[in-house]
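Dear colleague,

Here is the structure I said I would pass on. My notes on it follow below.

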Amino acid sequence: MSQIQDYAKEVQAWVTEMTGFLEKNRLTEQHVLEQLNRLSQLSRQLQKDDATKEEMTKVEKEVTLAFREINDLMNRNTRSRINQSVPIGKHTLPPLPYPYNALEPAISEEIMRLHHDKHHQSYVDGLNKAELMMKRARETNDYSLLKHWEREAAFHGSGHYLHTLFWEGMSPKGGGQPKGALLKQIEKDFSNFASFKKQFSEAAKQVEGVGWALLVWVPRTRRLEVLQSERHMNLTQWDTIPILVLDVWEHAYYLQYKNNRAAYVDQWWNIVNWPQTENRFMEAKKLVWKPY
Ligand SMILES: [Fe+2]
């Protein structure tokens with residue numbers, strides 16, 4: 001098959017994936033969908049045997065335009081949502097801030113698709129259900145099943161919020177070490193970055209069963225701390241704000257690393273999004289409580 005036809009097929013697959021993504025996230029602005037439709041027709045024409053280089057150049061230009069439009073649409077959507085609260089039972093799955101294969105080789109595309117689309121989605125669904133059932137309990141003044149729904153809200157709520165942090169805490173351009181205020185605080189509280197990284201890795205590797213390793217800011221002590229969480233609703237310090245989290249549930253690594261969690265943890269450091277982590281730390285740092 002010629003290079004032109006290969007390219008046409010790639011474009012066709014991209015258009016299909018993008019259209020699905022936009023529809024799933026209810027980002028259905030008419031002109032963007034029309035543009036993708038046009039691109040789909042052009043790429044189909046390009047798959048014919050007599051397609052020319054000129055036609056391919058035309059499609060390349062259309063792809064650039066469509067990419068820009070989609071980016072603008074997503075930015076507008078983020079700006080309009082930023083000041084909104086989430087109504088009861090209306091949580092939604094955040095889109096991944098990078099493509100599914102962007103974290104390879106540390107985390108495979110197959111895991112990212114399953115982990116984000118299936119596991120995280122089920123936390124979102126479970127949290128919405130728990131919130132609605134607790135709302136119903138308030139409305140009917142029937143709290144006989146409250147304990148169950150509180151557990152569900154903690155389990156699915158922690159799952160939803162921690163996974164949202166987990167995706168943001170990684171980047172295809174990640175790795176290295178933090179800068180600025182976060183680095184200074186790490187050096188103050190852990191002596192140096194190397195001993196923080198060692199403690200965080202050990203905490204992740206030594207979680208009993210499934211769970212997380214977390215770097216947290218403790219507003220009451222004004223210090224960073226490394227915590228372990230078994231599963232994710234147990235042993236939680238509710239008075240803390242997660243800054244950097246690492247998913248060590250089997251579904252995060254087993255397909256790729258089998259039982260070698262340590263290798264997965266070590267690889268993960270290459271995709272940490274430190275600038276984003278520092279932003280989150282700076283926001284969290286604004287919270288201050290009376291120390292005792
Ligand atoms: Fe997970």
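The axes of helix H6 (residues 180-190) and helix H10 (residues 274-285) come within 8 Å and cross at roughly 75 degrees; axes are lines fitted to C-alpha atoms, for helices over the stretch in contact, and angles run from 0 to 180 degrees between N-to-C directions. H6 is therefore roughly perpendicular to H10, a label for angles of 65 to 115 degrees. On the H6 side the contact uses Gly180, Ala181 and Leu182, which meet Thr277, Glu278, Phe281 and Met282 of H10 (contact: C-beta atoms, placed from the backbone, within 7 Å). Four of these residues are nonpolar, two polar and one charged, where Ala, Val, Leu, Ile, Met, Phe, Trp, Tyr, Cys and Pro count as nonpolar, Asp, Glu, Lys and Arg as charged, and the others, Gly among them, as polar.

The model is predicted: local features need pLDDT of at least 70, side-chain atom pairs count only at pLDDT 80 or more, and totals for chains, interfaces and linings use all residues. Residues are numbered from 1 along each chain as its sequence is written.

The protein has 10 helices and three strands, taken as DSSP runs (helices H or I, at least four residues; strands E, at least two) numbered from the N terminus. Of its 292 residues, 24% are buried, meaning that 20 or more other C-beta atoms, placed from the backbone, lie within 10 Å of the residue's own.

In helix H5 (residues 146-168), the buried residues include His156, His160, His163 and Trp167. The buried residues of H5 pack against helix H4 (109-140) and strands E1 (211-218) and E3 (241-247).

Regards

Definitions and conventions:
Buried ≥ 20, exposed ≤ 12 C-beta atoms within 10 Å, placed from the backbone. Contact = placed C-beta atoms within 7 Å. Parallel < 35°, antiparallel > 145°, perpendicular 65-115°, else oblique.
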